[in-house]
Amino acid sequence: MRLAELVMLAVLVWASLRLLAARDVYAQLIYLNVVGFALAGLIAATWRTDMGLLAALCAFIFSTLESNAMAYTIRRVEEIRREGGRGG
Amino acid sequence: MITLTWEQALEIATGAVLAWLNFVVVDILMGLPEAPGVKGAEAIGRSVERRGGDIAGGYFMGNIVCSPDASAGTLLAAAGYWCLGGPQGGLLAALTVYVGNRLCADPGYAGTIGALAATALVTVYHRVLGFDPINFVAGMVLAITTIHGIDHPTASRIIGDIARRLGRGPRE
């Protein structure tokens, strides 16, 4: 194992712990993004092949796609709740 | 077995500085702090502002989380260079980031430009400086941790300050 992999592993564990400890759901999404970075880096570092690259690319691109969907959905639910509260 | 040397630490630190400068400069110049590019980014930006941060930095962070931007481009271009052993890996990553932007309904080109700039940087890092490209990938992971992994309000204020100095403050 190289120092590079150790650094990425440490960041992965650190961001995961921060994610679990965070109260604000949007802050959790930001920590989840760091987990995505470290995970994609580790995948590429571990499997130095074209399929390893494909796995890292897909893991990262789709994690941002999911974060976008989650942030949008949570916001929409908040808006609907607020409108419902006002309208009675 | 873990092999640790000072050379590796120096290479990772150099990679972190280059990667940080690359994605922060490209993202700010492409207008990430000005407005949320996708719907989810606005919610994240407002949350950072609510916790005592800066709205420009908040939009910047929201845009990074919700769509592949220059930071994603930097990471994936370096990973591509490492896996395929040359700049062609970075070009493949740039193409993937372009497709990812369109999937996220993001109108911007920050990710693609960031990936191409990072490909050039990693090529210099490997061919000219003689460093191992995997250390650039680890450097990029450290660089994003300084923005997203330590303290969001403080990081957003620093980014907001740089953005206003470069004339890319929030459009409101």
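Predicted model: local features only at pLDDT ≥ 70, side-chain atom pairs only at ≥ 80, totals over all residues.
1. Helix α2 of chain A, residues 25-46, and α4(B) have axes that come within 10 Å of each other and cross at roughly 10 degrees. Angles under 35 degrees count as roughly parallel, so α2(A) is roughly parallel to α4(B). On the chain A side, the contact is made by A:Phe37, A:Ala40, A:Gly41 and A:Ala44. Their counterparts on α4(B) are B:Leu75, B:Ala79, B:Trp82 and B:Cys83. By class, the residues of this contact divide into 7 nonpolar, 1 polar and no charged.

2. Stepping back to the whole interface, 44 residues of chain B are in contact with 42 residues of chain A. Several helices of chain B supply at least two residues each to the side that touches chain A: α1 (6-29), α2 (39-50), α3 (55-66), α4 (70-84), α5 (87-103) and α7 (133-148). Which helix gives the largest share of that side? It is α7(B), with 9 residues. The side of chain B that touches chain A has 28 nonpolar, 14 polar and 2 charged residues.

3. Now chain A by itself. Chain A has 3 helices and 0 strands, and from the N terminus on its elements run α-α-α. Its radius of gyration is 17 Å, whereas a compact globule of 88 residues would have one near 12 Å. Along the principal axes, the C-alpha trace of chain A spans about 60 × 25 × 10 Å. Buried residues make up 40% of the 88 residues in this chain. Of the chain A contacts between residues at least 6 apart in sequence, 44% join residues at least 24 apart.

4. A:Gln28 is found in helix α2 of chain A, the helix whose axis comes within 10 Å of that of α4(B). Is A:Gln28 buried or partly exposed? A residue needs 20 or more neighbours to be buried; A:Gln28 has 16 C-beta neighbours inside 10 Å and therefore counts as partly exposed. Leaving aside neighbours within four places in sequence, A:Gln28 is in contact with A:Leu19 and A:Ala22. A:Leu53 lies 25 residues from A:Gln28 along the chain, and their C-alpha atoms are separated by 27 Å.

5. Chain B is also helical, with 8 helices and 0 strands. Read along the sequence, its pattern is α-α-α-α-α-α-α-α. For 172 residues, a compact globule would have a radius of gyration near 16 Å, and the 16 Å of chain B agrees with that. Taken along the principal axes, the C-alpha atoms of chain B fill a box of roughly 50 × 30 × 30 Å. Buried residues account for 62% of the 172 residues in chain B. Among contacts between residues at least 6 apart in sequence, 75% in chain B join residues at least 24 apart.

6. How many C-beta neighbours does B:Tyr59 have inside 10 Å? The count is 30, so B:Tyr59 is classed as buried. Beyond its neighbours within four places in sequence, B:Tyr59 is in contact with B:Leu32, B:Pro33, B:Ala35, B:Pro36, B:Ala41, B:Gly45 and B:Pro170. One of these, B:Gly45, is 14 residues away in sequence, with a C-alpha to C-alpha separation from B:Tyr59 of 4.4 Å.

7. Finally, a word on confidence. The predictor gives the complex an ipTM of 0.91 and a pTM of 0.92. Chain A averages a pLDDT of 91, and 95% of its residues score at least 70. Chain B averages a pLDDT of 91, with 99% of its residues scoring at least 70. Where in chain A is confidence lowest? That is helix α3 of chain A, residues 50-87, at a mean of 88, whereas confidence is highest in helix α1 of chain A, residues 3-21, at 95.

Key:
Residues numbered from 1 in each chain as written. Chains lettered and ligands numbered in written order. Contact = placed C-beta atoms within 7 Å. Helix = DSSP H or I, 4+ residues; strand = E, 2+ residues; numbered from the N terminus. Nonpolar A, V, L, I, M, F, W, Y, C, P; charged D, E, K, R; others polar. Axes fitted to C-alpha atoms, helices over the stretch in contact; angles between N-to-C directions. Parallel < 35°, antiparallel > 145°, perpendicular 65-115°, else oblique. Rg over C-alpha atoms; globule rule 2.2 N^0.38 Å. Buried ≥ 20, exposed ≤ 12 C-beta atoms within 10 Å, placed from the backbone. pLDDT = per-residue confidence, 0-100.
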